[in-house]
Amino acid sequence: QVQLVESGGDLVQAGGSLRLSCVASGRIFNIKTMAWFRQAPGKQRESVATITDDGSTNYADSVKGRFTVSRDDAKKTVLLQMNSLKPEDTAVYYCHVTTGWPGQLRAYWGQGTQVTVSS
């Protein structure tokens with residue numbers, strides 16, 4: 001069984017920083033893409049940042065220049081460094097991981113961690 005456990009969410013003032021961490025455990029092999037999504041109250045879940053197994057990254061326009069995604073495959077960990085936080089960044093942040101081989105890809109979600117940015 002695969003588990004993704006996020007941590008690092010907190011209440012922070014606007015302009016502050018947080019670092020989110022997601023650790024994968026269990027029978028998880030050949031991690032492909034690791035990503036962060038977020039969902040604010042009353043809104044759809046949206047992609048925030050993605051990092052592929054070759055290190056390529058992609059960011060939502062709203063976080064470019066402020067957030068940085070990184071991964072450590074040996075530790076099966078993906079990080080999200082969030083700087084210059086804004087109230088509109090308030091949301092539950094979810095870790096998402098895809099694993100496996102072409103034709104046999106699987107996707108997993110974490111349980112989420114709350115980020116609240118006060119103005």
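Cysteine 22 is buried, with a relative accessible area of 1%. The model is predicted, and cysteine 22 is joined in it to cysteine 95 by a disulfide with an S to S distance of 2.1 Å. The count of disulfides comes to one. Cysteine 22 lies in strand S3 and cysteine 95 in strand S9, so the bond ties together parts that are 73 residues apart in sequence. The disulfide is left-handed because the torsion about its S-S bond is about -80°.

The values are as follows.

| Residue | Relative accessibility |
|---|---|
| Cysteine 22 | 1% |
| Cysteine 95 | 0% |
| Threonine 98 | 17% |

Threonine 98 is found in strand S9, which covers residues 91-99. Apart from neighbours within four places in sequence, threonine 98 contacts Asn30, Ile31, Lys32, Thr33, Arg106 and Ala107.

The largest nonpolar core holds 31 residues, of which Trp36, Leu80, Met82 and Tyr93 touch the most other members. Two or more residues of this core come from each of strands S3 (18-25), S4 (31-39), S5 (46-51), S7 (67-72), S8 (77-82), S9 and S11 (113-118). In soluble globular proteins, nonpolar side chains tend to be buried together.

With neighbours within four places in sequence left aside, methionine 82 is in contact with Gly16, Ser17, Leu18, Leu20, Arg66, Phe67, Tyr93 and Val115.

Methods:
Residues numbered from 1 in each chain as written. Predicted model: local features only at pLDDT ≥ 70, side-chain atom pairs only at ≥ 80, totals over all residues. Heavy atoms only, no water. Helix = DSSP H or I, 4+ residues; strand = E, 2+ residues; numbered from the N terminus. Buried < 20%, exposed > 50% of the residue type's maximum accessible area, 1.4 Å probe, protein only. Contact = heavy atoms within 4.5 Å. Core = buried A, V, L, I, M, F, W, Y, C linked by side-chain atoms within 4.5 Å. Disulfide = S-S within 2.5 Å.
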